[in-house]
Amino acid sequence: MIRNTLFLLLLTALWSCAESDSEAASISDSGSGVGGSLARFTIVGDYLFTVDNNNLHSFDISQASDIRPQESIFVGQGVETIFPLNGFLFLGTQNGMLIYQIRPGGVPEFVSSYQHVISCDPVVANNQYAYVTLRASGCRQAVAGAADLLEIIDISNLNNPQIVASYDMDSPFGLGLDGQTLFLCEGAGGLKVFDVADPQNIRLLHHLTNLNAIDVIPLGGLLLAIGPDRIVQLDYSDLSNIRVVSEISIGV
Amino acid sequence: MNKIYFLLLSGIWLSLLFQSCLDPKLDIPEQSIGLAPIYFEGDWRDIGAEPARPIKELFKIYYKDSIIFAGEALQGIHVIDNTDPFYPEPIKFIRIPGNSDIAIKGNTLYANNLSSLVAIDISDLNDIRVASRVENAFPGQGAPLPDGYIGFFECPDPNMGAIIGWSEKLLKRPQCWR
């Protein structure tokens with residue numbers, strides 16, 4: 001029995017080797033990739049948008065051999081993350097979430113903002129809601145009164161974002177959204193998986209405590225979770241049975 | 001009368017003393033996102049492909065076409081073939097001094113290389129080439145700290161050599177802040 005199992009394992013290993021040889025990694029010459037919620041670079045069409053501490057920059061990248069800087073806009077202090085959706089850019093800053101619309105020529109134009117107390121916070125969004133984490137724990141900039149929260153903001157009217165609900169968290173870092181499923185990194189406190197179908201009453205489906213998660217990328221059933229000690233891939237195609245697919249160790 | 005005055009002054013002095021002791025901003029977090037100095041000798045513009053190597057300090061990841069691009073803080077990008085997620089296989093390391101962020105369109109990787117923005121052709125991972133570069137696309141990266149930065153940072157180590165800039169990194173128990 002054991003021998004059979006070993007043989008099967010060996011066969012599987014050989015088969016996967018053969019497969020990876022025949023389907024050697026290649027990068028398609030079309031489309032853009034996807035980053036995590038802590039990203040400061042994002043590509044929309046022919047434009048690259050980046051944020052640094054104070055500014056939002058745009059670059060025309062229609063020709064890779066000739067990057068053309070477009071705009072550099074001062075957006076305020078403490079800009080941390082950028083998230084693109086439907087021709088809009090959502091900026092996570094220490095004061096709140098800023099919404100910009102991408103105008104022709106890759107020019108970002110300010111639309112609106114949702115302000116909160118100073119803390120550290122990335123943002124992800126869908127057509128109706130933006131999900132913002134506010135981290136006061138270990139956030140040097142955080143002022144008195146700052147808390148560790150997940151905030152859900154109604155953005156169906158982008159000109160007037162309205163807070164819908166707020167939930168206490170431990171020490172939230174990055175987050176990822178796939179349909180009604182929200183993945184939220186709690187740093188050393190692990191990874192939380194929520195059903196956010198009802199924003200007034202989100203349900204915690206799982207709390208994976210055995211990993212230090214800083215950011216995630218959901219890939220339609222496969223979740224990439226990263227932390228300071230490893231990259232973990234999780235199969236979440238069955239939300240009632242989230243399984244570890246593989247791990248890559250860091251710093252060993 | 002003098003006694004009351006003295007007590008009052010002592011009270012003010014003590015409260016001031018305690019207030020500074022209790023400054024909540026002196027709490028050092030286990031981990032936080034902040035800036036780290038980039039030490040470099042030689043040509044920081046030199047970008048190239050190297051054999052795969054173990055990841056030492058990870059910060060951000062990017063995904064395209066079943067490939068994981070994992071950022072080694074301030075050093076470059078690990079390229080990991082994830083065609084079979086059960087057996088992710090590191091295949092290359094792209095050296096980009098001072099890098100913290102990337103995005104990919106087609107087979108061009110856009111990255112910050114210290115204060116420059118570079119477009120890197122990665123269609124052949126054995127022969128990557130810088131297709132173009134925008135100098136000083138991200139100004140204000142220089143020492144001592146980027147303009148207007150408030151937050152934690154990795155304390156500079158004078159034994160590590162000259163600091164050529166700062167970049168974002170996941171910090172463990174940072175001891176310096178501004």
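## Terms and basis of the model

Two strands are said to pair if DSSP finds at least two bridges between them. Strands (E, at least two residues) and helices (H or I, at least four residues) are DSSP runs, numbered from the N terminus.

This is a predicted model, in which local features need pLDDT of at least 70 and side-chain atom pairs count only at pLDDT 80 or more, while totals for chains, interfaces and linings use all residues. Residues are numbered from 1 along each chain as its sequence is written, and chains are lettered from A and ligands numbered from 1 in the order in which they are written.

## Chain A as a whole

The secondary structure of chain A consists of one helix and 21 strands. Of its 252 residues, 46% are buried; a residue is buried if 20 or more other C-beta atoms, placed from the backbone, lie within 10 Å of its own.

Two residues are in contact if their C-beta atoms, placed from the backbone, lie within 7 Å. Among the contacts in chain A with a separation of 6 or more, 38% are between residues 24 or more positions apart.

Strand S3 (residues 47-51) of chain A runs antiparallel to strand S4 (residues 55-60) of chain A, and five bridges join them. Leu48(A) has Phe59(A) in S4(A) as its bridge partner.

## A four-stranded sheet

Four strands of chain A form an open sheet in the order S6-S7-S8-S9, with antiparallel pairing. Strand S6 (79-85) and strand S9 (107-115) of chain A each have a single partner strand, so one side of each lacks a neighbour in the sheet. On average, neighbouring strands of this sheet are turned by 25° against each other, direction ignored; the axes are lines fitted to C-alpha atoms.

Within the sheet, six bridges join S7 (residues 88-93) to S8 (residues 96-103) of chain A. Leu89(A) has Tyr100(A) in S8(A) as its bridge partner.

## Where chains A and B meet

In chain B, 60 residues are in contact with 58 residues of chain A. Strand S3 (residues 58-64) of chain B supplies the largest share of this side of chain B, six residues.

Two bridges join S3(B) to strand S1 (residues 34-35) of chain A, and the two strands run antiparallel. The bridge partner of Val34(A) in S3(B) is Tyr63(B).

Technical notes: Axes fitted to C-alpha atoms, helices over the stretch in contact; angles between N-to-C directions. Buried ≥ 20, exposed ≤ 12 C-beta atoms within 10 Å, placed from the backbone.
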